[in-house]
Amino acid sequence: MKNIRKLLLSCVVAGACVALFSSGGKKLKAAEIDCATGTDVVTDVVTGTATDEDTTDSDIEVFSDIDFGNMENIPTGDDESDEDDIAIIEGSVKNIMDDPSIDWSEYKGADIIINIKDKGIVLITDGSDDGDDDDASDDDADDDFEADPDNTFYDGMDYGDVYDYKYYIEHNPDIKEAFWYDPEGAFLQFLLYGIKEGRQAKESFGVQDFKNANLDLRYKFGAEGLEAYLKYYIVYGQYEERDATDCPELVGRIVKYKGVDYSSVYDFDYYIKHGKLAKKYKLDDYGALLHFIKTGMPKKLAGKEKCTDEEYEKYQKVSEVIIKDYKNGWLLHKGEWLHFTKDGDVDKLQEEAPTLTVIPGFFVTKMRTGNLNTREERIEAMIQCALDYIGTPYRICTSREPGVGCDCSGLVMQALYAAGFDPYPATPDHHARPENEYDSRTLFHQTPMLHVDFSQLKRGDLVYYRSERGNIIIHVAIYLGNGKVVEAWPPYVTDSYGVTAPPHPYVYGVTRPFP
């Protein structure tokens, strides 16, 4: 009955007559007949794509004596000479389909179904078929399929290593009921739905088994669907001799997300059991961990039978930012330092402040904020570092610790390091060479920064100065706002001068390290 309903629905074409007829017992075709021109086009019922076949005169001659405008004139096959039995059901197609009084089993053997606009439908069955040989006809159809190799190519890929038509329909009763007569339709169903549903389509491969058995691939594909595992098996997995069957349970457990190991605060089996999530995540350890990070930890749900409050709070803070799209740099969040790779993974997690770069034999200030922190946080880290140098002796070509010594560009370098900004090629070792005494020029011309007009001066900008008669940089300071700067000017680091007050009233230009 279901198949008949599908066929009927497939045949509803406004303003045309649609005929369904069997093709050698293999596949039903639909011929859309243009009543105005008499031309016809054969269309595959299941896929809806045009075929290379043409209908013959014999295909449509059954309609030659039928007056489609008058339902009463349609022959019913009562004449003993007629080989066909014709049944007429009047009414709109919608009403017919919704009518519970119609026993569709009576028309199971119909070879031709005609929808005549909204007047009703005509079913024509082969009179020689007594309806008692259904099983035999099914067997004949199977024999016909067996003679033709199943198509397993789609979109440039051969799915033959993971799909077999006969196996698929025999091990999936609902698929057999719908597609026993149509291997192409079954294959399309497998591609569109079967893979996502985790259906097994070949004895030697089960996509869910393959996923369960390979922890490294679950890490690799994360939230991607089963199709990614199936394609990996076709291209690589089978040649790597990976397990692909008889694995109903997960092998191993995912405990890392973006490089952070949550095993000290999270246990998959404990979490899904006590969080009542077993039904949803029994075979999805990646999804369960993500649920713990995004939902469980904010709600302070237990992820493991035993873990310390201190450890839980640490990872709770990490979880607040790890789900965001940070890449390529350091982030300071609530006392935890996280380093994100260019791919967005965390390869370092620590409480100790890192240094942006390491220069053997030279001092580099540890970061007070990362390059992934906000502009305001970085500006304040830079300024606070510079203010910590107040009173430090002025020493030419020097960029040392607070209290030891520095000059103007040496002070700016260390303040930039504190804010997670690399001032390269201006570096402490570069500045230590006498020919690089004026590394303020390097900062202005070679270190990538935004150049802005003096009229746009903001807190955190770097102000460069020239001499009265020359047009060359001789000094650099950090603007604090309210007309003040912090700078290294002989004899020590100070914040007592105005931005254009003596001893440096001549501004050369302004750069903005944090736009």
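Helix α16 is mostly covered in this predicted model. It spans residues 408-418, and 11 of its 11 residues are buried. Among them are Cys 408, Leu 411, Val 412, Met 413, Leu 416 and Tyr 417. Buried here means under 20% relative accessible area. Just after α16, Gly 420 takes a positive phi of about 80 degrees.

**The sheet**

Six strands make up an open sheet. Their order is β14-β19-β15-β16-β17-β18, and the pairing is antiparallel. Which strands stand at the edges? They are β14 (450-452) and β18 (492-494). Each has a single partner strand, so one side of each is left without a neighbour in the sheet. From one strand to the next, the twist averages 30 degrees.

Strands of a sheet pair through backbone hydrogen bonds, either parallel or antiparallel.

| Strand pair | Bridges | Facing residues |
|---|---|---|
| β14 and β19 | three | Leu 450 and Arg 512 |
| β15 and β19 | four | Leu 462 and Thr 511 |
| β16 and β17 | three | Tyr 479 and Val 485 |

Arg 512 of β19 stands opposite Leu 450, while Thr 511 of β19 stands opposite Leu 462. Strand β17 covers residues 484-489 and runs antiparallel to β16. Val 485 in β17 is the bridge partner of Tyr 479.

**Helices on the sheet**

**A nonpolar surface patch**

Which residues form a nonpolar patch on the surface? They are Tyr 438, Ile 472 and Ile 474. Together they have about 240 Å² of accessible area. Ile 472 lies in the loop between β15 (462-466) and β16 (473-481). Is Ile 472 buried or partly exposed? Ile 472 is partly exposed, because its relative accessible area is 43%, and that class runs between the 20% and 50% limits.

Conventions. Residues numbered from 1 in each chain as written. Predicted model: local features only at pLDDT ≥ 70, side-chain atom pairs only at ≥ 80, totals over all residues. Heavy atoms only, no water. Patch = residues over 30% accessible without salt bridge, like charges linked within 9 Å, V, L, I, M, F, W, Y side chains within 5 Å. Areas by Shrake-Rupley, 256 points an atom, 1.4 Å probe, with all protein chains shown as cover. Salt bridge = Lys/Arg side-chain N within 4 Å of Asp/Glu carboxyl O. Helix = DSSP H or I, 4+ residues; strand = E, 2+ residues; numbered from the N terminus. Buried < 20%, exposed > 50% of the residue type's maximum accessible area, 1.4 Å probe, protein only. Pairing = 2+ DSSP bridges. Axes fitted to C-alpha atoms, helices over the stretch in contact; angles between N-to-C directions. Contact = heavy atoms within 4.5 Å.
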